[in-house]
Amino acid sequence: MATPLSDTSLSPLRTVAVVGLGTMGTGIAEVLAGAGRDVIGIDISEAQTAKCVTALEASTARAVERGRLTGPQRAELLARVTTSTDLGAAAGADLVIEVAPESYEIKQQIFRELDGIVRPETVLATGTNALSVTRLAADSARPERVLGMHFFNPAPAMRLVEIVSCVLTAPAAVTAVTNLALDLGKEPVAVGDRPGFVADGLLFGYLNQAAAMYEANYASREDIDAAMRLGCGLPMGPLALLDLIGVDTARTVLEAMYAESRDRLHAPAPVLKQLSEAGLTGRKAGRGFYTYEAPGSGTVVRDALTPLEGGSPTAGRTVRSVGVAGSGTMASGIAEVFAKAGYEVVLAARSEEKARSAKARIGKNLARSVDKGRMTAEAAAQTLERVRPTGTYDDFADVDLAVEAVAEDLEVKRQLFAALDKVCKPGAVLATTTSSLPVVACARATSRPQDVIGMHFFNPAPAMKLVEVVRTVLTADDVHATVREVCGTIRKHAVDCGDRAGFIVNALLFPYLNNAIKMVEEHYASLDDIDAAMKLGGGYPMGPFELLDVVGLDVSLAIEKVLHREFRDPGLAPAPLLEHLVAAGCLGRKTGRGFREYAKR
């Protein structure tokens with residue numbers, strides 16, 4: 001019978017064995033040795049143990065070059081790491097961290113062998129991100145000492161460690177491993193046992209939707225990745241990240257998630273199976289969604305799917321002057337962007353007073369740019385001079401491009417497009433900045449649907465580089481070419497997508513946010529832990545709840561409803577907690593309370 005694990009049996013986990021010396025195992029070994037732990041690296045392959053030592057020597061040499069380690073510190077770190085091909089070398093370890101391939105058979109075999117090797121008080125941790133910790137623990141002779149310790153790649157750089165306990169795990173084991181994570185300079189997040197845990201549970205659903213979007217030929221791989229980098233501030237696009245993680249690994253994680261949730265959003269996109277079975281598993285194979293210079297390389301090279309340089313073969317229309325309809329933050333930001341690029345701008349609102357107020361907002365923004373040294377006072381004055389405020393859309397008579405940025409209400413937009421149809425000259429391009437409504441509905445409100453297109457700017461428009469260019473089935477080729485050319489002139493990155501709910505960014509972003517809310521509803525993890533997990537484990541600039549409160553819970557709910565209505569997928573139904581908060585008037589920062597409370601300004 002196993003010895004009960006109590007607080008009195010806790011040790012500081014001074015000696016740690018790492019089983020499996022791939023990239024992750026080697027990284028964990030470096031982190032442990034760097035924090036003064038004695039590390040025993042174990043792998044069945046002698047070549048892999050040698051590769052681990054070589055990798056440690058190279059990474060610590062770089063650390064010395066960059067001033068992060070001294071020569072003597074490097075020597076001490078390397079001396080603390082020994083390697084073996086015999087699992088028996090773990091006999092003296094206080095903690096064993098297993099990072100073998102994601103296979104129950106392999107991991108269970110390792111734990112069974114360890115049961116007969118290690119001391120009764122030794123803690124056993126699995127590094128899985130897809131398999132059930134409970135199932136692994138139940139197969140062990142010491143289930144109360146088995147838990148999950150999920151590091152993120154690259155382990156030396158990534159601060160998050162998910163500490164995964166199950167119903168069998170002794171609290172003292174969790175405490176010991178949590179304390180170790182803190183000693184390593186990591187941010188431990190306590191989570192329960194379900195596939196993907198917090199970070200990967202949210203991340204892989206999003207990655208899967210991106211793969212499905214690509215498979216449906218809705219947008220190119222380059223545009224999907226650029227949209228999420230530039231529109232959400234993510235460090236990598238989803239398809240590039242799938243290649244980095246490994247397409248086969250992603251498929252394994254998603255299969256495990258789907259087996260538990262039965263949520264169709266977790267059912268692996270067929271393209272993941274096709275690529276995996278063809279051996280096109282991403283960077284490690286030299287080819288996945290992209291093609292790489294060589295297996296293991298991160299350098300993308302041209303292939304048959306790479307877009308041709310030189311832009312559209314169709315010539316665009318000439319645009320010298322632009323009309324912007326609206327008086328809110330988005331309208332004034334878009335007007336500023338066009339004026340900075342040298343266009344004459346007519347800024348029209350429901351009254352001249354509102355239009356002047358919007359122009360004044362532009363003036364303040366330009367003044368801040370001057371104060372920060374981003375532009376000269378003379379350039380700011382010239383920019384502001386190009387903006388003409390007006391209280392009537394009749395002043396759009398001579399503009400070459402009219403951009404609508406009014407309330408996100410289809411009837412309001414349709415009425416405006418009907419008015420623009422009467423006022424604007426033949427050949428003028430009419431664009432809507434909607435983020436969720438059908439562009440074609442705006443087009444059908446005019447007698448010239450071929451001239452209507454979507455230009456979805458992101459807030460704040462002067463700072464955000466992305467514009468989603470949304471073609472309807474009626475949009476003329478030269479109108480599309482015009483808007484692409486204009487985006488280049490105003491120094492924005494244009495991505496092409498079709499006229500369906502959410503376009504690229506919102507269609508991928510909001511299901512992820514909705515799933516985060518469901519995690520809280522299910523009491524799986526706290527707001528703070530989920531936000532920390534996504535910032536530290538995924539490199540996100542904001543956690544999902546921080547972002548929801550900034551966007552506005554009412555806006556988020558409206559977008560969720562549009563996505564659910566369009567795609568009819570039960571997994572896209574808005575989380576009840578979101579609906580309850582909106583009904584209670586808790587809309588985020590703008591009301592002082594959303595998922596969190598904020599000090600009143």
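Start with helices α8 and α18, whose crossing is right-handed. This is a predicted model, so treat the tour as a walk through computed geometry.

Select residues 221–232 for α8 and 505–521 for α18. The two helices pack at an angle of about 65°, and their axes are 9 Å apart. Now show side chains: α8 brings I224, A227, M228 and C232 to the contact, while α18 supplies V505, L508 and L509. Colour them by type and you get seven nonpolar residues, no polar ones and no charged ones.

Next, jump to helix α7, residues 199–215, and pick out N208. Is N208 buried or exposed? It's buried, at a relative accessible area of 2%. Look for the backbone oxygen of A267, which sits 2.9 Å from a polar atom of the N208 side chain. Beyond its neighbours within four places in sequence, N208 also touches L254, L265, H266, A267, P268, A269 and L272.

Now for the sheet. Its eight strands run in the order β3-β2-β1-β4-β5-β6-β7-β8, and the sheet is open with mixed pairing. Select 81–84 and 187–191 to see the edges: β3 and β8 each have a single partner strand, so one side of each lacks a neighbour in the sheet. From one strand to the next, the twist averages 25°.

Zoom in on β4 (95–98) and β5 (123–126), a parallel pair with four bridges. Here V96 stands opposite L124 of β5. Last stop: select 171–183, helix α6, which packs on the sheet and touches β4, β5, β6, β7 and β8. Line α6 up against β6 (146–151), and their directions make about 20°.

Conventions
Residues numbered from 1 in each chain as written. Predicted model: local features only at pLDDT ≥ 70, side-chain atom pairs only at ≥ 80, totals over all residues. Heavy atoms only, no water. Axes fitted to C-alpha atoms, helices over the stretch in contact; angles between N-to-C directions. Left-handed = near helix turned anticlockwise from the far one by under 90°. Contact = heavy atoms within 4.5 Å. Nonpolar A, V, L, I, M, F, W, Y, C, P; charged D, E, K, R; others polar. Buried < 20%, exposed > 50% of the residue type's maximum accessible area, 1.4 Å probe, protein only. Polar contact = N/O pair within 3.5 Å; in protein donor to acceptor, adjacent residues only side chain to side chain. Pairing = 2+ DSSP bridges.
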